[in-house]
Amino acid sequence: MSLGQTSNSKQAAWVAIGSFFSFIVSIISSMILSRFFDKGDYGTYKQVMYVYSTLLAVFTLGLPKAYAYFLPKYATNYSRDIISKVTKIFFILGAAFSLFLLCCAGPIASVMNNPDLRSALIVFSPTPFLLLPTMGLDAIYASFRKTKYLAYYTIATRILTIICIVFPVVIFSGNYICAIIGFDIASLITFFLALYLKSWPVKDVEHQKSSLTYKEIFKFALPLLYASLWGVIISSATQLFISRYFGNETFAEFSNGFMELPLVGMILGSISAVLLPVFSGMDKGNGMSNETLVVWNSALLKSAKLIFPMLIFSVFFAEPIMTCMYGDIYAQSSIYFVIKNLSGLFYIIPFYPIILAIGKTNSYANAHMIAAFMIVIAEYVVCKTFDSAVYVAITSELCNLFKIWLLLRVIANYAHMKITELLPPKPMTILIMISALASLPPFLLLDFLNMNKFIVLFVCLGFFLVDYYVLCWICKVTYRDIAGGFLKNKSRLNAVVKILP
């Protein structure tokens, strides 16, 4: 493995560690709140988070990625000026976002068919102003190869968030309004910490004013805004249709289950954060070089090795996973979990960082536009035709898979290659097969294990890991390239690498 790839692995690993704690906070807070709130109140809280995450894609304008795109293209002494310019835009956007929530809380509650949502959004409205200026910290630290410190920041702020959200609910029997106030408080503390950390990587560097203009920043970001607008439709259409046509309780079941396995997002987000500045520095505007192709293939296969086993196991054990996380009343969420994670097998492709790096943001926006039209029309027809939210979820994923195919065409055309040349089918098929074979024996034993459901799940996971380990040796699937990249030069830990297949 080359030094560059090893370094990329280490940087991605640190981002992944931070993302893992974000995942823990999300899961633990959902597990606790779903047990302390009834379905209606929990659905309202989830709707607030849904409105925020949906509009966030619009109000950030794609700017968090601007740091990773521009910083590698300029000398270090211009970095503080670039960071400052983008952050100033975030302050304006954050103020606009907060004002929008404050003024439009009533209409949003009407569209979502939930009167309680109005007061919840008003209480939540200060948060965007506090959190938008913190955006892009991962891109900054990935550009300067300092993701270790990003992990420390993420861990600290996520622990703070879960304490602020859960404490008033558990200790004082607070309602969803108390949880939202706790979120506001955590956001305020995060705001001050992030502003300091944004300038920390370049604090000892002599600073100069860069030639980067706001016009150039918006030229990069506006196509991402258009993609985000279409992405809002893509991501919100399913939730909106289910919330409006099937009610709060079905929405609560759907929102808990219709998520990719959080560890998948953690891994892919970490890889993307590191690859964007790498690809941006490599791109010469004349197709995909051999060096870029090596990094692409390495990232793709490593992603598949880490993600495919988790996805396949989660599909087999969707129901016990959902009941362990949210309680028996959310067993129905498992079918949404299966749908989302089966399609997740196609989400491992790192097309996002390379499309941004090669400047194909217009093509990125167009692919989202086509998918948005498809998803709205198809889901509306499904809602009028079938009396089940499950068919809406399936339709959503089929449209998203078509979008992925469109984006792959963009990369293939730029690289002057066929899509099949970008996706090695044989190793990926082997990974799917051995993951399914490893899941089958513990799945067949599931009904015979009469124990606590948490213990049953961990026992099944243990059986799966043993089966998968053996099958990796038999099929010659190796993980030493992944572990070796992170543990290199740590001789005491090299023994760990030797026992891996």
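Reply: Contact here means heavy atoms within 4.5 Å. Helices are DSSP runs of H or I with at least four residues, numbered from the N terminus. This is a predicted model, in which local features need pLDDT of at least 70 and side-chain atom pairs count only at pLDDT 80 or more, while totals for chains, interfaces and linings use all residues. Residues are numbered from 1 along each chain as its sequence is written, and side-chain values use heavy atoms, with hydrogens and water left out.

Me: Which residues of α9 meet those of α8?
Reply: On the side of α8, the residues are Y153, T157, L160, T161, C164, I165, P168 and V169. Their partners in α9 are C178, A179, G182, F183, I185, A186, I189, T190, L193, A194 and L197.

Me: Is α8 roughly parallel or roughly antiparallel to α9?
Reply: Helix α8 (residues 147-172) and helix α9 (residues 176-199) have axes 7 Å apart and pack at an angle of about 160°. Axes are lines fitted to C-alpha atoms, for helices over the stretch in contact, and angles run from 0 to 180 degrees between N-to-C directions. Angles under 35 degrees count as roughly parallel, over 145 as roughly antiparallel, 65 to 115 as roughly perpendicular and the rest as oblique. The relation of α8 to α9 is therefore roughly antiparallel.

Me: At what angle do α19 and α20 pack?
Reply: The axes of α19 and α20 lie 8 Å apart.

Me: How many residues has helix α20, and what is its reach?
Reply: Helix α20 covers residues 453-475, which gives 23 residues.

Me: Which residues of α20 are buried?
Reply: Buried means under 20% relative accessible area, exposed over 50% and partly exposed in between (1.4 Å probe, protein chains only). The cover over the buried residues of α20 includes α12, α13 (318-326) and α19 (425-445). The buried residues are V456, L457, C460, F464, Y468, L471 and C472.

Me: Is S303 buried or exposed?
Reply: S303 lies in helix α12 (residues 290-316). Apart from neighbours within four places in sequence, S303 is in contact with L268, I271, F308 and I348. Because its relative accessibility is 1%, S303 counts as buried.

Definitions and conventions: Helices (H or I, at least four residues) and strands (E, at least two) are DSSP runs, numbered from the N terminus. The expected span of a helix is 1.5 Å times one less than its number of residues.
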